[in-house]
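Visitor: I've got a model to look at with you. Can we start with the pockets, then go to the strands and the core?
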Amino acid sequence: MLWLIFKGILGLILMIGIIVVCFLLLRLPYTAFYKCEKTLFYQFYGSSAFCFPNLYLLHAVTICGLLLYGTVRFFYDFVFPFLKYLGNLLKVQRNTYFYWLTLIFFVVIIEGLLLFKEQRYRQLSYSPGSAFPGNDFSQENPEISYRVIADERGMTHFDQDSFFHFFDSTFIVNKQGFPSVFDFDKQTIDSLIGFGSNKKRKVLWLGDSFLEGVGATTHDKSFLEIFIKRNPGLLVCNTGIGGMDPVQYRLVAEKYAPVIQPDEISVFFCGWNDALWVDRKPVPFVPYYSELKNVGFISNYLNRGIAQDSTLVLPTAEAYKLYRNRFSLMDKNDFRARICRKLNITTQLYYAANPVQYYPFHYADDSLATYRNLIRIKQIADSVGSKFSIYFVPTPVMKNYSREDYESHFYWAFKDLWNFVHLCPKQTIEEKHCITSQDFHFNDKGQVKYADYLQKEFERR
């Protein structure tokens with residue numbers, strides 16, 4: 001009797017251990033996906049589209065097989081013998097205990113696994129009925145929240161009237177819609193730079209979310225604000241807005257370089273999302289992306305293969321309808337779709353069995369698109385007598401890259417501009433300096449580390 005009880009307890013401990021190990025291993029496909037994506041992206045464009053589904057499928061099969069094997073062995077070696085002995089001891093039919101305990105056990109285990117997986121999907125920003133994370137397409141006509149807007153040239157900028165709904169109190173947007181405490185007009189700039197020996201140097205910085213300060217707990221802890229405080233002799237004109245690309249940087253330089261007349265124009269280039277494969281054509285008054293209330297951000301400039309024809313730009317309402325129709329189950333009224341859109345797990349199972357079919361590309365890759373916009377910014381800098389520089393924003397994946405590695409992976413992006421590219425020393429930014437191992441935006445420590453690098457770079461020059 002004691003031996004059977006001991007075996008039963010031991011089996012339960014082993015089973016719990018197997019489940020815990022499996023739960024911990026559930027993180028592996030996402031970590032491996034991001035590492036593979038950051039490595040393969042530079043060599044094989046679009047490789048992550050193949051890597052993630054197959055890697056996740058392999059992992060899921062392995063984990064489910066391990067759980068199934070552990071469950072069968074647990075019942076066969078420990079539960080069945082214990083129930084048989086208990087039934088004989090109590091002189092009650094063994095089947096009664098077997099059926100009820102087996103049912104309860106499987107219900108608890110299955111419910112637990114489903115609950116954990118559902119919660120995991122939610123942590124990764126999935127929403128029921130949506131094919132990919134980051135957007136909730138459950139609303140038919142969501143309210144557009146104008147975080148960013150565009151001007152007559154298609155240049156995206158913050159909406160000054162609504163920015164305070166999204167940021168902390170240290171984040172200030174000027175009249176031109178950029179994160180700066182002063183306006184980018186000639187009168188304001190001239191009044192701030194001073195005269196004679198106390199005259200400040202003007203720098204125009206172009207960039208995306210890194211330059212905006214995403215990752216810092218408050219905007220005043222971003223590397224840009226830290227750098228500004230350390231260098232009162234510089235007038236830094238920051239135009240960083242999250243999600244932007246070299247086309248946006250060119251538009252900003254074309255409009256504001258003649259006004260600001262900076263001593264230097266710098267592009268903060270993020271290698272894993274600033275690479276262009278289509279030379280985006282800006283459309284008047286259509287921002288690069290839009291934010292919808294309780295939906296998230298959606299791109300107005302469509303990724304390739306989404307639209308059936310060669311349409312690349314849509315107004316926000318039309319873009320949302322397209323995404324909702326193609327990448328959610330909300331507009332599908334068949335029985336399977338109505339059932340599966342209730343949970344993340346069933347949604348992902350639906351799309352695993354019925355993957356989204358992308359339309360053929362109607363235009364070829366344009367590997368020179370990135371370079372074409374960067375060289376245009378260089379020409380603008382030359383025309384106003386400004387120095388030109390490119391700061392390559394590092395990520396942990398690149399911490400072991402040599403200059404030769406960068407030049408090999410990004411030769412098509414910079415070509416003859418390599419003399420203007422500044423590379424952060426190896427291992428300056430590590431995973432512990434980022435928000436998470438998947439999101440490489442700098443945390444507060446990373447912001448300080450990068451500010452230190454910029455300080456040394458400016459002092460060296």
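**Second largest pocket**

Visitor: How much space lies in the second largest pocket?
Guide: About 280 Å³. A pocket is an open set of points on a 1 Å grid over the protein atoms alone, where a 1.4 Å probe fits, with protein on both sides within 12 Å along at least five of seven lines. The volume is the space filled by probe spheres set on the points, which are joined across faces, edges and corners.

Visitor: What kind of model is this?
Guide: This is a predicted model: local features need pLDDT of at least 70, side-chain atom pairs count only at pLDDT 80 or more, and totals for chains, interfaces and linings use all residues. Residues are numbered from 1 along each chain as its sequence is written, and side-chain values use heavy atoms, with hydrogens and water left out.

Visitor: Back to the pocket. Which residues lie nearest its centre?
Guide: V181, F182, E225, I228 and V236, out of 19 lining residues. Lining residues have an atom within 4 Å of a point. Two elements give two or more residues: α7 (223-230) and β5 (234-238). β5 gives the largest share, four residues. Helices (H or I, at least four residues) and strands (E, at least two) are DSSP runs, numbered from the N terminus.

Visitor: New topic. Is strand β9 mostly covered or mostly open?
Guide: Mostly covered: six of the seven residues in β9 (387-393) are buried, meaning under 20% relative accessible area with a 1.4 Å probe, protein chains only.

Visitor: Which strands pair with β9?
Guide: β6 (264-270) runs parallel to β9, joined by seven bridges. S266 has S389 as its bridge partner. β10 (421-423) also pairs with β9 in the parallel sense, over three bridges. There F392 stands opposite L423. Pairing needs at least two DSSP bridges between the strands.

Visitor: How many residues are in the largest nonpolar core?
Guide: 56, with F392, I390 and V267 among those with the most contacts inside it. Such a core is a set of buried Ala, Val, Leu, Ile, Met, Phe, Trp, Tyr and Cys residues joined through side-chain atoms within 4.5 Å. Helix α8 (246-260) gives the largest share, eight residues.

How values were computed:
Buried < 20%, exposed > 50% of the residue type's maximum accessible area, 1.4 Å probe, protein only.
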